[in-house]
Structures are given as structure tokens and as C-alpha cells.
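Colleague: Hi! Could you walk me through this one?
Modeller: Happy to, let's start with the picture.

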Amino acid sequence: MQNNARLGILLMIATTFVFAVQDGISRHLAGNYNVIMVVMIRYWFFAAFVISVATRQSGSIRAAAATTQPILQITRGTLLAVEICIMVSGFVLLGLVESHAIFASYPLLIAALSGPILGEAVGWRRRIAIAVGFVGVLVILQPGATVFAPAAIVPLIAALMFALYGLLTRYAARKDTTATSFFWTGTTGAVVMTIVGIWFWEPMGGADWVWMACLCVTGALGHWLLIRCYEVAEASAVQPFAYLQLVFASAIGILFLGETLRPNVAIGVCIVVGAGLFTLWRTAQRSPD
């Protein structure tokens, strides 16, 4: 494996930008068509991409699919597919800015749950950072105003599900290769979304099929960039830059979708991101204190 931090950072920045564009396109399509159908079509293309990449890395489809923990892998894939549906619904209900502001709490959720789920040590510094981060989430949600509104809870549920997906991925990595987990992620999601989504099919206009093609391409390109990123640099060096997706998605929401950035959201995001970066740094130190 290479260790080119500068190239890795550039690739992570490109990754976050492409994923932010994907979110903007998802917001557009889900505003006009059923969310489940949009995610289903996206997964068809993603599954083809995943099978191609995993097969090339493993040598064959059989080798890519080989696992001693199929239930875990199916659970992971299903969890991610459902999470994507929920998050895209959040884009429609809240917009990109506020959805991503709340979703930014997922690294804190991973840190908080890594102890009970994976048995990892979480020291007092990270516990404090997690608590501070969730204060930031409350600032975004404005307790007493919107915290109990269903729309405000949607991206928080997505963040929790994505955190669980991340933890299960780390657990699966104890026995399976990255290529195997990647294979099951795409294929399971495609199967699950097809079984459910085919019942929600509706005609799509010609122009929106172009947008759908762009959605599929950005999804595959984003994952390819992410794979390359982790191939050339250590995760600890590039992971903090993943927060730029929040910046890019918010810019798209404000510039192209007419969204606004409320002061409490800006303040809350600073708190959440600051706490998240601290937990990432402490984790990179490999110290439980």
C-alpha cells in the first residue's frame, strides 16, 4: 500500500464533492418521484459496479462472495439500503443543509457505540467529546421547537443506522476482506431494493432519466475515488476531510436549491464537527484515555 497523504487528501476532497453532487441529484429526483424507486435504480448501477470491482480484486465472483458470516453481511447491506432511503427522504423533508448538519453526528455515534458493540475502549476524553457533540446536535434541532418534529428526527435516524453499518463493517472485517464486504454491500442492497422498490415504479420523464444516469455515475465515481483514496493513504490522515461533504452539500443546497443556513445550524455544526474531529484524532492515537 502507498502512503501518499497529499494525494489521499485530494482524493478524499474529490470524493466528498462527488457524493455531495449525488445528494443534490437525489434531492431533485426524490422531490418528483418515489424515494424507494430512485434508490432502487441507483442500486442497480451500484451493484454492477461493485461486482466488477470486487471480482477484479478477488479473481472471481465466487471468491468475492466467499464469507463465513453471510447473515452479518446481508444485515450490513440491508441496513445501508434502508439508511439511504431514510436519508434521501430527509433531503426532501429538511433539505441538504439541515439533513447533513444532523447526519454529521454519525462519527460520534460510532465512537459511542464502539464500546458496547465491538468491545473497544472509549476513554474519558472521547466520552466528553461525544457529549459535547450531541449538545451541538441539540443546538441544531432546537429543543422545544423542532426536536420532536418527525422531519428533524429523520436524518438523526439515518445517522444512527449509518453508524451501526460502520460498526458492523468493522466487525465483518475481522474475517472478511474489503472486496468481500463491498460485494455484499452492493448486491444485498440491490436485491432488497428491487424486491421492495419494483412495487413503487412510476414513469419518469426523459430529462429526469438524464439526471438518474448522472446519479448512477456519481455514485460509482464517488466509491471509486474513495477506494483509491484508501489505497494511497492511511484512513487516519484523510478521514477528517470527509466532513467536507457537509460543506459541499450545504453549498449546493444554498446556491441551487434555495435553502438557507440558520444561525443555530451553523453554530451546532461547528460544535459537532469539532467534537467529531477530536474523537477521530483520539482514535488515531490508539489510546484509551
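Colleague: How much space lies in the second largest pocket?
Modeller: About 160 Å³. A pocket here is an open set of points on a 1 Å grid over the protein atoms alone where a 1.4 Å probe fits, with protein on both sides within 12 Å along at least five of seven lines, and lining residues have an atom within 4 Å of a point. This is a predicted model, where local features need pLDDT of at least 70 and side-chain atom pairs count only at pLDDT 80 or more, while totals for chains, interfaces and linings use all residues. Residues are numbered from 1 along each chain as its sequence is written, and side-chain values use heavy atoms, leaving out hydrogens and water.

Colleague: Which residues line the second largest pocket?
Modeller: Val21, Gly24, Ile25, His28, Trp211, Ile252, Phe256 and Leu257 do. Two or more of these come from each of α1 (5–30) and α12 (244–256), with helices being DSSP runs of H or I, at least four residues. The largest share, 4 residues, belongs to α1.

Colleague: New topic: where does Val191 lie?
Modeller: Val191 is in helix α9.

Colleague: And why is Val191 called partly exposed?
Modeller: Because its relative accessible area is 49%, and partly exposed falls between buried (under 20%) and exposed (over 50%), using a 1.4 Å probe and protein chains only.

Colleague: What about Ala65, which helix is that in?
Modeller: Ala65 is found in helix α3 (residues 61–65). Ala65 is partly exposed too, at 21%.

Colleague: How far apart are Ala65 and Trp224?
Modeller: They sit 159 residues apart in sequence and 19 Å apart in space, C-alpha to C-alpha.

Terms used. Points joined across faces, edges and corners; volume = space filled by probe spheres on them.
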